[in-house]
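Subject: Structure handover

Hello,

Here is the structure I said I would pass on. Please open it and keep it in view while you read the notes below.

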Amino acid sequence: MADAQQGRDVPHLPGPHDALTDVTGLRVGHAERTGEGYLTGTTVVLAPEGGAVAAVDVRGGGPGTRETDALDPRNLVQRVEAVVLTGGSAFGLDAASGVAVWLEERGRGFRVGPDPSQVVPVVPAAALFDLGRGGDWRARPDAALGRAAAEAAAHSDPLSPVVQGNTGAGTGAVAGGLKGGIGTASVVLPSGVTVAALVAVNAAGGFADPDTGALHGRLAGGPAAFPSPDVHATAQRRLAEARDLTRVRAAASVRPPLNTTLAVVATDAVLTGAQAHKLAGTAHDGLARAVRPVHLLSDGDTVFALSTAIRPLAPEEARTDPVFGVHVEAGALNEVLAAGADVLMRAVVKAALAAETVDGPGGLFPSYRDLYGG
C-alpha cells in the first residue's frame, strides 16, 4: 500500500501488489453467497504444487478448526497444498472437503501409495462466526463453495491485485459492529525476502478506537490518523443506531458477539516447521495492535503461517560459520518475525478501509468509510 502511511507504518517497501500473492507461488481465491438469507463465503490460499511448509497458532477461546494438529512440526506431514478460511462457524468447515476433493482430482496431497493418484490432501481450515448475518441461520458455506474458491485461486492471475473487502471469508464479517472483511499486505525486506499476510477480520473487539474513531493499526501515523471530533460524534451516533436496528432484525438469531479473526502469514524464506510456528505466533502481535480487545473467549482467532522455501534466510557462508552462524540465522529470522506482525496489522487496516456497508435482513453493518470517510 504505497500511501501516506508508508514510511511510518512499515519499515520497508511493500511488494508489487501489497498482497499475499507477492509471495511467489501463492494464489488466493474467493467464493461467496449473498442474498436469499446468505451473507457468507470462503477463501482459499493455494500453495504451489508440492505444497508449502505450514504451521498454525490458535489464540482465541472459541476456535473452529480442521487438520490443525497435522501442522505440529513433530508430526508426519511437512507440507500442505492449501489453507481454507471460511464463514459458517463449525458448519462452514465442510468447505475444506470440497478443496480436498479438488486437490485429489489433480493428484495433489500427501502420497500414501505407489499410484500418483493415491494421495490424501491435508487441508488445514479455520472458520469464523457469521451465522444468521444474512437473515437465514442455516445459510452457510459447503463443500461446493470451497471447491469454487479453490477453482478461483487456481485460475487467478498472479499479476492482478487480490480482491479485498466484502468477499470470500470476509463476506459476512463484522468487527465491533462495523463491517469487517478481507485485507492483505506485504513487505520486501532488504535481504529480498517477502513477507505477506491475508486476514478475514471478524472480531468481538473493534479495529477503531471508540473514543476517537482512529483505526488502531494507524495510531502511529500521528494526528492525520484521527477523525475530527464532529465526524467521530456523528459516526458513533450512526453506529449506535445500526446496532439497535441489528438487534431487532437478529432477535430470532444469535445474541452473543460470537466472532473470530482468521489470517494467513506467508514468506518465501526457507523456514522449518518450528520456525513457521514461531512466525504464526509472533504475527498475533500485529493482530493485537490492530484489533482491541482480541483473543477473547468468543473469538477463535487463528493465524496460519506458510513458507514457500525459495530464499535462504541468510547467505550460506554466514549460516555455516561455526561460531556466529546460528546468530546470523536468528537475526534474519527475527526480521521475518517482526515483518509478519507488521503486515498483519496493515492487512487489518486495509480490510477496514475496503469493507462496504451491508444493510439486509440479518442486520445493518456500516463500513468504516461510510462513517468516517476514506
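Before the first note, one term: a residue is called buried under 20% relative accessible area, exposed over 50%, and partly exposed in between, with a 1.4 Å probe and protein chains only. The model is predicted, so to speak of a local feature takes pLDDT of at least 70, and side-chain atom pairs count only at pLDDT 80 or more, while totals for chains, interfaces and linings use all residues. Residues are numbered from 1 along each chain as its sequence is written, and side-chain values use heavy atoms, with hydrogens and water left out.

Surface patch

Phe110 has 31% relative accessibility, so this residue counts as partly exposed. Phe110 belongs to strand E7 (residues 110-111); strands here are DSSP runs of E with at least two residues, helices are runs of H or I with at least four, and both are numbered from the N terminus. Together with Leu76, Val112 and Val120, Phe110 makes up a nonpolar surface patch with about 370 Å² of accessible area in total. A patch takes residues with over 30% relative accessible area and no salt bridge; nonpolar side chains (Val, Leu, Ile, Met, Phe, Trp, Tyr) are joined within 5 Å, and like charges within 9 Å. Areas come from the Shrake-Rupley method with a 1.4 Å probe, and for residues only the protein chains shown count as cover.

Salt bridges

Side chains of opposite charge can pair when their charged atoms come close. A salt bridge is counted when a side-chain nitrogen of Lys or Arg is within 4 Å of a carboxyl oxygen of Asp or Glu. By that rule there are 12 salt bridges.

One of them joins Asp142 and Arg33, at 3.2 Å from N to O. Asp142 is in the loop between strand E9 (125-127) and helix H3 (143-154), and Arg33 is in strand E1 (residues 27-35), so the pair ties together parts that are 109 residues apart in sequence. Asp142 is partly exposed at 26% relative accessibility, and Arg33 is partly exposed at 25%.

Arg74 and Asp72 also form a salt bridge, at 2.6 Å from N to O. Arg74 is exposed, with 72% relative accessibility.

In a further salt bridge, the closest N and O atoms of Glu105 and Arg106 are 3.4 Å apart. These two residues are part of a salt-bridge network with Arg147 and Glu151. Glu105 is partly exposed at 48%, as is Arg106 at 38%.

Rings

Aromatic pairs are rings of Phe, Tyr and Trp (its six-membered ring) with centres within 6.5 Å; planes under 30 degrees apart are stacked, over 60 edge-to-face, and the rest tilted. The count is 2 aromatic pairs. One of these is the stacked pair Tyr368 and Tyr372, with 4.7 Å between centres and 25 degrees between planes. The two residues are 4 apart in helix H8 (residues 368-372), which means about one helical turn separates them. Tyr368 is buried at 5%, and Tyr372 is buried at 13%.

Backbone

Most residues other than glycine have a negative phi, and most peptide bonds are trans. The bond from Arg292 to Pro293 is cis, with omega near -15 degrees. Pro293 is in the loop between helix H5 (273-290) and strand E15 (302-311). Glu36 has a positive phi, near 55 degrees, and is exposed at 81%.

Regards
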